[in-house]
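Please keep the sequence and the model in view while reading.

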Amino acid sequence: MASRAFSSVPPCCTYWGRVKLPLNPELRKQSITLLNCKYTVHHNNIWIRYVNGLKHNKTIAIRMPQQKDIVKIAIQMPGAYPQLIQLDQKKPLSAVIKEVCDRWNLQGPDNYALQYADGVQTYITESNRLDIKNGSILRLTKAPSRCAEDLFKGIQSSDSGVRCDSLKQLASLSTDVTFAQEFINRDGHSLLVKIVEDHNESAVIMTHTLMGFMELMDHGIVSWENLSLIFIKKIASFVNAKALDASIQQVSLAILESMVQSSSSLFHHIMQEVTLERLILHLQVTNQQIQTKAMALLMALLQTAGEEKRRELFDFLAKKNLRQYIYKNIIHSSGPVGDEMAHYLYVLQSLSLNQLEPRMRTPLDSYSQDQREILHALRQAAFETESENSLSTERRRSLCAKEFKKLGFSNNSNPGQDLNRTPPGLLALDTMGYFASRNPDAFSRFVLENSSREDKHECPFARSSIQLTLILCEILRIGEPPSETGSHYHPVFFSQDRLLDELFCICIQLLNKTWKEMRATQEDFDKVMQVVREQITRTLSSKPTSLELFKNKVNALNYSEILKLRQTERLHQEETLAPPVLELKERLKPELLELIRQQRLHRLCHGTLFRKISSRRRQDKLWYCRLSPNHKMLHYGDVEEEAEMPSIEALQEKIPVADIKGLLTGKDCPHMKENKGKQTKEVLDLAFSITYDVEEYSLNFIASSRTDFCLWTDGLNVLLGRDMSSECMRSELEILLSMEIKLRLLDLENVPIPERAPAVPNPPSNFNFCYDFSQAEQ
């Protein structure tokens with residue numbers, strides 16, 4: 001290592017006597033060569049012997065910093081020329097700031113800090129300094145401690161203009177955890193709480209106060225449970241107020257949402273202070289931000305509540321016509337439904353349908369008088385029989401068994417056994433009872449029509465109803481907890497109160513119609529149910545907004561239409577297995593794979609918007625990533641919710657493609673390991689990361705869809721020189737191959753392709769022959 005003579009020398013250069021050696025290894029070699037020194041390089045050390053002009057015959061080991069620890073950056077300061085420095089990541093940050101201040105002749109380096117100049121202007125600390133990349137532009141600015149002290153004093157100023165400016169700046173700076181920690185250390189959050197509790201400020205100052213408070217609390221430094229009941233009541237009063245600034249109500253709703261999610265005790269306080277009627281009124285306004293925040297708070301209350309309390313809330317909201325207001329003011333609003341609102345509508349749909357889960361998981365109890373009465377009511381509604389009281393016990397039992405058989409129960413003597421299967425359990429009994437009571441004519445027609453058919457062509461009502469109920473439960477995902485990223489809701493759900501029962505009434509009649517169209521027998525039962533599932537799924541995917549629209553679409557999608565759709569899809573995926581065609585496919589594959597590779601790279605150059613997953617808040621968590629046109633840099637950075645596609649210049653962060661070392665997916669990703677056990681399978685399937693430099697750093701992604709996941713992982717594999725492996729690539733390759741094969745074989749339509757190539761004839765006995773062209777020309 002270096003001798004003691006080096007200890008007092010600035011770390012940026014190494015001295016020995018009058019010899020000054022640069023830090024850069026190549027320049028150092030040149031300097032030593034110019035000095036005519038004998039040297040060797042060994043394990044990142046330069047060993048110098050017999051330096052000319054000095055009387056030391058001593059070997060010196062000069063340690064050179066590892067290249068990965070050196071970052072080339074620029075540092076700006078208003079009114080001064082920027083500095084271009086090589087930042088040694090092993091050097092204390094305070095020493096780096098002191099050197100920068102010395103070059104600009106600034107006193108008191110403790111009063112300064114480094115901060116990113118572009119994008120999210122985060123303070124540089126010892127904990128995040130390793131995130132600095134080559135080419136980063138930093139700014140020398142006031143230290144967070146100084147900023148916190150100045151703002152703390154400014155907020156207490158007697159001048160309202162100074163207070164307003166200080167609070168506005170606080171709301172901006174509080175997004176940085178370093179500043180937030182400094183401000184909270186001065187008990188600044190308590191000062192904000194006092195401002196809210198006193199409520200003596202203007203609407204603008206109060207808005208900035210609440211926004212700053214929200215940003216400070218979002219870091220988790222201070223527990224929400226430390227807040228006073230007076231503060232909670234004041235925030236709730238802002239939400240309950242009939243006439244108040246929209247910005248104040250918007251931030252207040254977000255604060256209450258975070259409170260509810262953080263603590264069960266706060267949930268009970270807020271339930272006492274916030275009126276649900278007021279939240280419903282907020283859903284009827286035209287301000288979409290207010291609507292979204294009101295829905296967010298409502299969903300937080302529903303998700304935090306226990307099972308019994310949740311049922312009470314749903315009953316109350318049903319009486320207050322929540323569904324109708326959502327259907328009118330959100331589903332059918334003039335503007336499109338945003339991503340956040342779509343997520344909350346999906347959560348509401350999921351939580352509502354999951355209220356049916358206990359019935360779905362409960363088998364029929366043969367000893368329950370109520371359940372037996374429902375079964376017999378079904379039988380009596382289907383068949384008009386003479387008074388059973390006048391019949392003998394044996395005759396009554398025989399008649400019941402016969403009629404239960406006609407109803408489609410497999411166990412005539414004990415039909416309840418058919419309902420022991422869970423799911424759908426008692427839910428199947430409920431749907432059959434609803435259909436029989438709401439559509440008695442259709443119910444009787446279904447049963448009597450099938451009773452008159454031959455046994456093998458009879459469509460069993462009970463068996464079909466049980467299976468159809470199960471299919472509807474699976475399609476509507478009853479019993480599945482809502483996903484953190486889900487946004488797939490059915491508009492038809494908000495058009496009426498009992499979606500499952502109403503869908504059953506339509507689909508059981510569709511099933512009977514499809515059964516007749518297929519001329520099905522008992523052996524075809526599973527095939528018919530597959531067709532019905534496909535009819536329902538395809539129709540719901542078109543997002544009908546009313547039951548009437550669903551009914552018209554699903555009935556138009558008859559069995560012949562399903563066959564046409566299947567045939568069309570089959571033609572797209574059709575694969576000819578003749579050896580010559582397979583050989584042609586293999587020859588075409590490299591060209592088509594190259595086409596897919598180029599498409600993937602073009603997609604990466606276009607870029608994609610990604611969403612950061614937060615356990616507390618979903619808003620303001622967007623970032624964009626795109627590949628440079630020369631395919632040498634990945635550019636990325638945070639963007640706003642409704643921002644257009646940012647230019648490369650607007651994305652301040654970048655990673656050289658040459659530095660990318662690997663691609664990780666699923667549970668192997670660093671951000672999935674950090675939240676092990678907390679992420680759903682859906683999120684795991686969309687997660688991927690790239691590692692770069694020496695595999696110590698990673699850029700983490702969560703795709704918005706499986707398609708984006710496949711496009712990005714394929715594109716990154718192409719950049720890394722690896723084979724693409726996604727299911728989208730395989731699907732696209734098969735489609736392109738199929739299209740290319742069909743184009744190549746157009747001239748061979750209706751010409752059978754032999755399994756083997758024709759045999760090559762034996763050569764002639766001699767080659768003494770020619771063609772006389774002169775005679776042909778005559």
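This is a predicted model: local features need pLDDT of at least 70, side-chain atom pairs count only at pLDDT 80 or more; totals for chains, interfaces and linings use all residues.

Residues are numbered from 1 along each chain as its sequence is written, and side-chain values use heavy atoms, with hydrogens and water left out.

**The chain as a whole**

The chain contains 31 helices and 16 strands; helices (H or I, at least four residues) and strands (E, at least two) are DSSP runs, numbered from the N terminus. Of its 778 residues, 45% are buried, where buried means under 20% relative accessible area, exposed over 50%, and partly exposed in between (1.4 Å probe, protein chains only). The accessible surface of the chain is about 41,600 Å², and 50% of this belongs to carbon and sulfur atoms; such areas come from the Shrake-Rupley method with a 1.4 Å probe, and for residues only the protein chains shown count as cover. Among contacts (heavy atoms within 4.5 Å) with a separation of 6 or more, 64% join residues 24 or more positions apart.

**The nonpolar cores**

In soluble globular proteins, nonpolar side chains tend to be buried together. A nonpolar core is a set of buried Ala, Val, Leu, Ile, Met, Phe, Trp, Tyr and Cys residues joined through side-chain atoms within 4.5 Å. The largest such core has 144 residues, of which M259, M295, I326, L407 and L468 touch the most other members. Helix α22 (residues 499–518) gives the most to this core, namely twelve residues. A second, separate core has 43 residues, including L601, V657, C669 and L686.

Leaving out residues up to four places away in sequence, I326 touches L283, M295, I331, L345, L348 and F494. I326 is also one of the buried residues of α14. Why is helix α14 (residues 322–331) largely enclosed by the rest of the structure? Seven of the ten residues of α14 are buried, so the helix is largely enclosed. The cover over these buried residues includes α11 (276–282), α12 (288–304), α13 (307–319) and α15.

**The second largest pocket**

A pocket is an open set of points on a 1 Å grid over the protein atoms alone, where a 1.4 Å probe fits, with protein on both sides within 12 Å along at least five of seven lines; lining residues have an atom within 4 Å of a point. The second largest pocket holds about 1,000 Å³ of space. Its lining has 37 residues, and T485, G486, S487, H488 and E682 lie nearest its centre. Helix α15 gives the largest share of this lining, six residues.

| Residue | Relative accessibility | Class |
|---|---|---|
| Q509 | 34% | partly exposed |
| N717 | 8% | buried |
| K632 | 55% | exposed |

Q509 is placed in helix α22, and, not counting residues up to four places away in sequence, Q509 touches F435 and A442. K632 lies in the loop between β11 (622–627) and β12 (633–639). Beyond its neighbours within four places in sequence, K632 is in contact with I655, P656 and V657. The C-alpha atoms of K632 and V657 are separated by 5.2 Å, although the two are 25 residues apart along the chain.

Notes:
Grid points are joined across faces, edges and corners, and a volume is the space filled by probe spheres set on the points.
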